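Me: I'd like to learn how to read a protein model. Could you walk me through one?

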Amino acid sequence: MNTTRNRIRGAVAVSGWLALAASLLPGGSPLRWLPVLLFVCLGPGLALLHPQPSGLRPGARLEAFALAAPISLSLASLTATLLFLVEGFSVTAFLVPLAAFTTVVALLPGLPLPAATRGAVEPEGAASFRFRKRGPGDGR
């Protein structure tokens, strides 16, 4: 189990550098833009959220994946804006800080997720209101 977590951490840590290497391929090739797109959209967010100390429960995995995209895109937007403000934007200048951030953060424990701590399951007896049986006089 610990080996699997280390492999995932390693894959996330290396993903930015693979995207940077893919950016050196000829323009317009899917082998160039697909790794870059996947990394920018998910890499930094997964690095921040995934390496949970006790692992992720099933509901928390979905929560981490759903939060990874907006977090990654926010960090990418901040990086791109900063580079545009200092008039130094290029693909390399954009990917290197994101890849370095992702590598460092993937080695740290992930940010705590509410679903990971509460078990991501509905408490027993908390049935959905749509499937509740009605007694006499309840409802219509």
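Predicted model: local features only at pLDDT ≥ 70, side-chain atom pairs only at ≥ 80, totals over all residues.

Me: How many helices and strands does the protein chain have?

Reply: Helices (H or I, at least four residues) and strands (E, at least two) are DSSP runs, numbered from the N terminus. Here you get five helices and zero strands.

Me: How do I describe two packed helices?

Reply: You give the angle between their axes and the distance between the axes. Axes are lines fitted to C-alpha atoms, for helices over the stretch in contact, and angles run from 0 to 180 degrees between N-to-C directions. In this model, α2 and helix α4 (residues 91-106) pack at about 30 degrees, with axes 8 Å apart. So α2 is roughly parallel to α4 (under 35 degrees; over 145 is roughly antiparallel, 65 to 115 roughly perpendicular, the rest oblique).

Me: Is Glu87 buried or exposed?

Reply: Buried means under 20% relative accessible area, exposed over 50%, partly exposed in between (1.4 Å probe, protein chains only). Glu87 has 76%, so Glu87 is exposed. Leu38, at 49%, counts as partly exposed.

Me: What about phi?

Reply: Most residues other than glycine have a negative phi. Glu87 isn't a glycine, yet its phi is positive, about 55 degrees. You'll find Glu87 in the loop between α3 (58-85) and α4.

Definitions and conventions
Residues numbered from 1 in each chain as written. Heavy atoms only, no water.
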